[in-house]
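Welcome! Let's take a friendly walk through this structure, one residue neighbourhood at a time.

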Amino acid sequence: MQAPRKLVHVPPRYPPVAQAAHVEGLVVLDAVIDTAGRVTDVRVTHSIRLLDEAAIDAVRQWRFTPTLLNGEPVSILLTVSVRFTLGPS
């Protein structure tokens with residue numbers, strides 16, 4: 001099996017309401033990567049309510065190399081983490 005490599009990384013946009021509330025943390029998602037390396041489905045497995053949608057929107061734009069099993073592209077379920085941190089004030 002040849003695991004996927006991320007080709008396109010789109011960083012999440014920090015929601016202004018989360019910034020104003022000083023919300024930071026890690027959103028964990030399960031993403032289905034199709035045979036072409038596109039993210040086709042995303043589900044939150046560890047939620048931070050004010051950050052979930054921004055994490056989902058970013059991950060949906062990521063692109064990967066296809067996952068190969070015995071030389072053939074296959075869809076996979078990949079767990080990804082998106083960290084949100086506020087910089088120094």
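Let's begin with Leu-68. Setting aside its neighbours within four places in sequence, Leu-68 is in contact with Met-1, Gln-2 and Pro-73. Keep in mind as you look that this is a predicted model. You will find Leu-68 in strand E5, which covers residues 67–69. Thr-35 is 33 residues away from Leu-68 in sequence, and the two C-alpha atoms are 8.4 Å apart in space.

Next, the aromatic rings. How many aromatic pairs does a search of the whole structure find? The search finds two. One of them joins Tyr-14 and Phe-84 in an edge-to-face arrangement, with 5.3 Å from centre to centre and 85 degrees between the planes. Tyr-14 sits in the loop between strand E1 (6–8) and helix H1 (16–20), while Phe-84 belongs to strand E7 (residues 76–84), so this pair ties together parts that lie 70 residues apart in sequence.

Are these residues buried or exposed? The table sets out the relative accessibility of Tyr-14, Phe-84 and Leu-68.

| Residue | Relative accessibility | Class |
|---|---|---|
| Tyr-14 | 18% | buried |
| Phe-84 | 2% | buried |
| Leu-68 | 23% | partly exposed |

Buried means under 20% relative accessible area, so Tyr-14, at 18%, counts as buried. Leu-68, at 23%, counts as partly exposed.

One more ring deserves a look. Lys-6 lies over the face of Trp-62, at 3.6 Å from the ring centre.

Technical notes. Residues are numbered from 1 along each chain as its sequence is written. This is a predicted model: local features need pLDDT of at least 70, side-chain atom pairs count only at pLDDT 80 or more; totals for chains, interfaces and linings use all residues. Side-chain values use heavy atoms; hydrogens and water are left out. Rings of Phe, Tyr and Trp (its six-membered ring) pair if their centres lie within 6.5 Å; planes under 30 degrees apart count as stacked, over 60 as edge-to-face and the rest as tilted. Helices (H or I, at least four residues) and strands (E, at least two) are DSSP runs, numbered from the N terminus. Buried means under 20% relative accessible area, exposed over 50%, partly exposed in between (1.4 Å probe, protein chains only). A charge sits over a ring if NZ of Lys or CZ of Arg is within 6 Å of the ring centre and within 35 degrees of the ring normal. Contact means heavy atoms within 4.5 Å.
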